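Good morning, and thank you for making time for this presentation. Please look at the structure on the screen while I go through its aromatic residues and its overall build.

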Amino acid sequence: MPDAPRDAPLRVTRLEAGTKVDVRTGFDRSWASGFQVESVTEAGYRVRRRSDGHVLPVAIGFDEVRRERKNSMWWY
């Protein structure tokens with residue numbers, strides 16, 4: 001399989017408003033859950049904290065947000 005050219009556009013899946021997401025923390029780079037996408041801007045995602053409905057004051061970079069992952073405990 002040939003490699004993509006260096007100048008080829010990346011395929012980025014954008015998340016829609018309302019999607020539950022995890023946000024990468026600035027402290028230890030871990031993922032924090034409990035957010036949802038409020039809107040999509042050129043700079044990244046505006047996210048809302050689900051616990052209190054507060055929209056964070058700055059856009060979060062596209063690579064700092066991922067679709068929420070559920071911790072599966074299927075063996076219980």
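I begin with Arg14, whose charged end sits over the ring of Phe62, 3.8 Å from the ring centre. A charge sits over a ring if NZ of Lys or CZ of Arg is within 6 Å of the ring centre and within 35 degrees of the ring normal.

This is a predicted model, in which local features need pLDDT of at least 70 and side-chain atom pairs count only at pLDDT 80 or more, while totals for chains, interfaces and linings use all residues. Residues are numbered from 1 along each chain as its sequence is written, and side-chain values use heavy atoms, with hydrogens and water left out.

The whole structure holds one aromatic pair, counted when ring centres of Phe, Tyr or Trp (its six-membered ring) lie within 6.5 Å. The centres of Tyr45 and Phe62 are 5.0 Å apart and the ring planes meet at 85°, so the pair is edge-to-face (planes over 60 degrees apart; under 30 is stacked, the rest tilted). Tyr45 belongs to strand E3, residues 45-49, and Phe62 to the loop between E3 and strand E4, residues 65-67, so the pair ties together parts 17 residues apart in sequence. Strands are DSSP runs of at least two residues, numbered from the N terminus.

Buried means under 20% relative accessible area, exposed over 50%, and partly exposed in between, with a 1.4 Å probe and protein chains only.

Overall, the protein has four strands and zero helices, a helix being a DSSP run (H or I) of at least four residues. Buried residues account for 21% of its 76 residues.
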